[in-house]
Structure formats: C-alpha cells, structure tokens
Number of protein chains: 2
Amino acid sequence: MNPIGIVGGMGPHAGLDLTRKVFEETRAAGDREHLPVALLSYPGTIPDRSAYVLGRSDENPAAAIFEVVRALDRLGATVAGMPCNTAHAPPIFDEVRARMDAAGLKLRLVHMVEEVGRHLAERGRPYRRLALLATRGTYAAGTYRTLLEPRGFTVLVPDEEGRARVHAAIYDETYGIKACSEPVSERAVRELRDVVAALRDQGAEAVVVGCTELPLALGGDEVDGLPLVDPTRILARALIREAAPEKLRPLAAVATPDG
Amino acid sequence: MNPIGIVGGMGPHAGLDLTRKVFEETRAAGDREHLPVALLSYPGTIPDRSAYVLGRSDENPAAAIFEVVRALDRLGATVAGMPCNTAHAPPIFDEVRARMDAAGLKLRLVHMVEEVGRHLAERGRPYRRLALLATRGTYAAGTYRTLLEPRGFTVLVPDEEGRARVHAAIYDETYGIKACSEPVSERAVRELRDVVAALRDQGAEAVVVGCTELPLALGGDEVDGLPLVDPTRILARALIREAAPEKLRPLAAVATPDG
C-alpha cells in the first residue's frame, strides 16, 4: 500500500480541504477506485510558520514537519504534499528537504508553489498578472515572486496596509478565519475583497489564494470578477499525477479574464 | 504522538466527514489546540461490506479493515473509529476485534452503533421510536435493533420496497450517492424522503442516518420535520471523549419531536 501522504494540521481544515480535493480530482466510478490517502493532522507539534519566517520565533517548524513526513514514509507513502503556503518559504521547506535527504527518505515532497507556476505555464499562461493573498510570512519570504516571476508572471502584492489586512483576516483572534471559520466572519470576507479590489485596479488578472485558510472565506471560482487560482487544488492534482497519472481527472476549460 | 485513528475509505467521503466532525466537536481556540488525527483512507483494499453480510461474497472485509487498524496502532493511535455502519455488523466487527485481540493490539476500536445507544440513553431518551435508514447489509444484520432495543428504543425499519429504495439511493449506479455525490441526485433525496414519510406515519420520532453516505444527501438537523440522529457525529464525540475528554465541546440543547 503506497498512499498519497498529506502533512496536515497547518491548520486542520486545510488538511481536510486538500484531502477532499484529491478525491474530487480523481477519476473514480465508485469508492474502491479511489486512491489510498494518508492524512496526518498533528497541529499541536508544529510551531507557527509565519512567526519563524518573520524572525519572531527561533523555532523552525521544519523539525516537526519532518517528523510527520517520516511517519508518512513509514506508512509507505512515496509522494506527499503539505497544504500550507507559509511552510513552503525557503527557510522552512529547504530545511525539511535537507532532513529528508539526511535520513535517506525515498518519499518525494511535492512543492505546492512550484506546482502553481508549472500549472499556469502548462495551461498557456491564461493570466500573467497575479494578485497574491497570503500571510505576512509568505509575503516576507517572497516564495511566489521567486518561483513565478522567472516563468513570466508578475506577482502583485498589497501595500503594507493591505498585507496587514490579509494577515488579520487569517489570524485575528476575534474575526480571523483561524479563530472563526463556522461560519467565516463577514469582516474577514470584506477585508479580503477590499484588498482584491485594490489589486484589480493595479491590473491583476487573477487572484492566487496563497494561504490554505483562505478558500474557507473565498469560495467559488472568482472573487469580484477575478478568477481564483487555488494552490490547494493544484497540489491535489500534482499528487495524483505523481502517484497514479491515469487517475487524474481532465481539467475543465480555463476561465479567462474576458470570461 | 497518540492520534485519534480513523479507518477511512468506506467510502472516502465518509472518512473525511468523520474527520471534519472530530474537528468541529473539539474545544479549540486555534489550530494548535486541535487534537492529532490520523486518517487512513484505503478504499481499494476493503471489499464491499453489504455483499459479505448478505452472503453475496465470501470475502470478509474484516481482514483488510484489520490491516488498517494495525497501521493506525503502529502510528501510536490508542483509539480509533470506522465511519461505516455496515462494517459494524457482527460478522465483520467481531472478526476485526478477534484479530486485534490475537495480535495483542492495545488500540481500542470504538463501536459506532453502541455509541448511538449510549448517546441517546445519556440524553434521557428524547426519542424512543427511531426510523432507520441503512444499507441492506445493516438491515439484514440487525445491528441497530440488537444494540438499541435492549436500551428501550424501538427501531422502525422500512418494508421490503422501502429498504430497496434506501439501498438504491446509496448504491444505484445512475442516481445513487456513491456514484453521484457532487451534487447528490434529486432522485436519491426524493427516495429517502418518501421512505422517511412512511416511517413517520408509523410513529417514528427521529431518523437515524445509519449509513455514512447518507449525510451527503440529508443535510441539516431534520428531514421532513423529524430530527436526524447522525451516528458519525456521535462517533466523533466518542473518539474525543476517549482520547481527551477535556477537549469535548458541550452538547447543544437536544431537539425534541415537539420542537
């Protein structure tokens, strides 16, 4: 048994969301045709990713993430993904990979942000100017700019006030998505929409939902007329492609800015 | 790390649904306060449960289920649940427990149907006449009658035609929930509602959603005015109670047939 491995817990609902998207993107006529999946959701052991990237904590979450990856490897997983954009910042992701190499793990950890670039490039770059909604950690690490701009994309980042609003929509203890997701608060949705509107005025053609909590607030395929690019769904498809490419559902036609 | 174990894959969406309900029923102010959960969704290895209970197959799914339980035990899980009512039929469940005993596993497998009886009894038996919607395998095994009637409940089962309609709403290859869940077909919902209406006429006070696929078709808290009893949510709460009772959310006030 070689399940698709999912490093969950960052946060718990993001792990569920990726698992669901793996099922949705699998070509299966009935239960038994679905692929094996192992989701390990161990939130209590993994320190906050943004706090480390921003230098507010010395504790690199890579050590705890590596332990989950090793448990997935022992379960027989040969490919795994982690639905947390901030954990793909180089100071964290590179350290996880270094520990995997040192331990000689055969499991391959798919890089969600690299897959976003690959996906958009393979689809013929339907949008080139991408608004990025993300945590302060992901903005500060420049993960999307570093990986997408060499592929011909422009990553539009909100100004300082906008970045603070997106971060608060995720983390604020009274109205943020992590504290309050059933349902998501109206304020979190409003703040995100305001930031998107400002980036649209700067020429954004699509919105990258660059934090795995955000799909809880921004459902559907678009926000204020701009198509959403969902890295979690792209990661789900990449995991299926690596584990069992014949099981990957065909893509629907791409939505373009012109409709 | 001692995660709550979930034997998934029967079907894949039922495993996700239980995982989500564990998160929802956990008292947690933020991500890191959530409990560790390991979901192993290995649908391809587990034979159909109804076919075995009905004598249409000689292959007891217990062997494959036991392998998943053993993998959860190796991950450190001390308690686990399986969101599949039919797998709780004695010919399957008892064989899983026998294999666990023979292997000397310490992990405790919570029995979902026993927990339904315990839950309703502890709540003061708000309803005594329960309509059961389930697969043919669960009806034939009499799992709910055997476990709930000694606790003072009456389990109302549809007539032969009604049982066939419920089974088809789950299994039919054109309109059943397993074949067609995004969205669930109108026909599956209509068939289930018709069966519930007939059982209400026989005095049912609540509906036990006795197949983990059914919440996909019957959302919300009631169907045609009868409150729903959701064994998956009751199992989620039992798993938290066994793993970390201080983390269990208080129950909402019970809905009664009189409102």
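Colleague: In which sense does α1(A) pass α10(A), left-handed or right-handed?

Modeller: α1(A) passes α10(A) in a right-handed crossing. A crossing is called right-handed if the near helix is turned clockwise from the far one by less than a right angle, and left-handed if anticlockwise. Helices are DSSP runs of H or I with at least four residues, strands are runs of E with at least two, and both are numbered from the N terminus.

Colleague: Before we go on, what sort of model is this?

Modeller: This is a predicted model, in which local features need pLDDT of at least 70 and side-chain atom pairs count only at pLDDT 80 or more, while totals for chains, interfaces and linings use all residues. Residues are numbered from 1 along each chain as its sequence is written, chains are lettered from A and ligands numbered from 1 in the order in which they are written, and side-chain values use heavy atoms, with hydrogens and water left out.

Colleague: Back to the two helices. At roughly what angle do the axes of α1 and α10 of chain A cross?

Modeller: Roughly 55 degrees, and the axes of α1 (residues 12-24) and α10 (residues 231-243) of chain A come within 8 Å. Axes are lines fitted to C-alpha atoms, for helices over the stretch in contact, and angles run from 0 to 180 degrees between N-to-C directions. α1(A) and α10(A) are therefore oblique to each other. Under 35 degrees counts as roughly parallel, over 145 as roughly antiparallel, 65 to 115 as roughly perpendicular, and the rest as oblique.

Colleague: Which residues meet there?

Modeller: From α1(A), Asp17(A), Leu18(A), Lys21(A), Val22(A) and Glu24(A) meet Thr232(A), Arg233(A), Leu235(A), Ala236(A), Leu239(A) and Ile240(A) of α10(A). Contact means heavy atoms within 4.5 Å. The residues of this contact divide into 6 nonpolar, 1 polar and 4 charged. Ala, Val, Leu, Ile, Met, Phe, Trp, Tyr, Cys and Pro count as nonpolar, Asp, Glu, Lys and Arg as charged, and the others, Gly among them, as polar.

Colleague: And in chain B, at what angle do α5 and α10 pack?

Modeller: About 90 degrees, with the axes of α5 (residues 112-122) and α10 (residues 231-243) of chain B 9 Å apart. α5(B) and α10(B) are therefore roughly perpendicular to each other. Met112(B) and His119(B) of α5(B) are among the residues that make the contact, as are Pro231(B) and Arg241(B) of α10(B). The contact of α5(B) with α10(B) divides into 6 nonpolar, 2 polar and 3 charged residues.

Colleague: What about α3 and α4 of chain B?

Modeller: The axes of α3 (residues 62-74) and α4 (residues 90-103) of chain B come within 9 Å and cross at roughly 50 degrees. The crossing of α3(B) and α4(B) is right-handed. Phe66(B) of α3(B) and Met100(B) of α4(B) are among the contact residues. By class, this contact has 9 nonpolar, no polar and 2 charged residues.

Colleague: New topic. How is chain B superposed on chain A?

Modeller: By a rotation of 180 degrees with 0.0 Å of shift along its axis, at an RMSD of 0.0 Å. The two copies are thus related as by a two-fold rotation axis. In chain B, the C-alpha nearest the axis belongs to Leu39(B), 2.5 Å away from it. Copies are superposed by least squares on the C-alpha atoms of residues with pLDDT of at least 70 in both.

Colleague: Through what surface do the copies meet?

Modeller: The same surface, because 100% of the interface residues of chain B are also interface residues in chain A.

Colleague: Which peptide bond in chain A is cis?

Modeller: The bond from Met10(A) to Gly11(A) is cis, with omega near -15 degrees. Gly11(A) is in the loop between β1 (4-8) and α1 of chain A. In chain B, a cis peptide bond joins Met10(B) and Gly11(B), with omega about -15 degrees.
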